[in-house]
Amino acid sequence: DLKAKVEAADIVVGCAGAANLVKANWIKSGAIVIDAGITVTGNVHKGKMKVQGDVEQTDLLWKRASLITPVPGGVGPITVAMLLQNT
């Protein structure tokens, strides 16, 4: 049961690649949220795209979690830096 596991977690790492899979109200107060999942939604041809993470980023999430990596701009730059370092 994903919801129960997330509700009990002190650290939540989202990396499924499914937009808003983890709901903000599942995050317990003070938890750390690391969102590494990326899903591009919208119409690519019309230029109306949106990048979303696995964790639903709402005002409630920002009130509950003690630390959050945003999507976009969270772990992506670190991933690129590590890839460049190891090539």
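Two residues are in contact when heavy atoms of theirs lie within 4.5 Å. Keep that in mind as you look through these views of a predicted model.

**View 1. The surroundings of D54.** Let's start with the loop between β4 (48-52) and α2 (59-64), where D54 sits. Which residues does D54 touch, once its neighbours within four places in sequence are left aside? Its contacts are G14, C15, A16, G17, A18, A19, N20, L21, V22, D35 and G37.

**View 2. D54 reaches for the backbone.** Zoom in on the side chain of D54, which comes to 2.4 Å from the backbone nitrogen of A16. The D54 side chain also reaches the backbone nitrogen of A18, here at 2.9 Å.

**View 3. A buried charge without a salt bridge.** D54 is buried, yet has no salt bridge.

**View 4. An open sheet of 3 strands.** Follow the strands in the order β1-β2-β5 and you will find parallel pairing. β1 (11-14) and β5 (67-68) are at the edges with a single partner strand each, so one side of each has no neighbour in the sheet. In general, the strands of a sheet pair through backbone hydrogen bonds.

**View 5. Where β2 meets β5.** Strand β2 (residues 32-35) pairs with β5 in the parallel sense, over 2 bridges. Look for V33, which stands opposite I68 in β5.

**View 6. The annotated span.** An unreviewed UniProt entry lists residues 1-87 as "domain: Tetrahydrofolate dehydrogenase/cyclohydrolase NAD(P)-binding". In the model, the end C-alpha atoms of residues 1-87 are 39 Å apart, and the span is 26% helix and 23% strand.

Terms used
Residues are numbered from 1 along each chain as its sequence is written. This is a predicted model: local features need pLDDT of at least 70, side-chain atom pairs count only at pLDDT 80 or more; totals for chains, interfaces and linings use all residues. Side-chain values use heavy atoms; hydrogens and water are left out. Helices (H or I, at least four residues) and strands (E, at least two) are DSSP runs, numbered from the N terminus. Buried means under 20% relative accessible area, exposed over 50%, partly exposed in between (1.4 Å probe, protein chains only). Lys and Arg count as positive and Asp and Glu as negative; His and the chain ends are not counted. A salt bridge is a side-chain nitrogen of Lys or Arg within 4 Å of a carboxyl oxygen of Asp or Glu. A polar contact is a pair of N or O atoms within 3.5 Å; within protein, one must be able to donate a hydrogen and the other to accept it, and residues adjacent in sequence count only if both atoms are side-chain atoms. UniProt positions are given in the numbering used here, feature names are shortened, and annotations may be inferred rather than shown by experiment. Two strands pair if DSSP finds at least two bridges between them.
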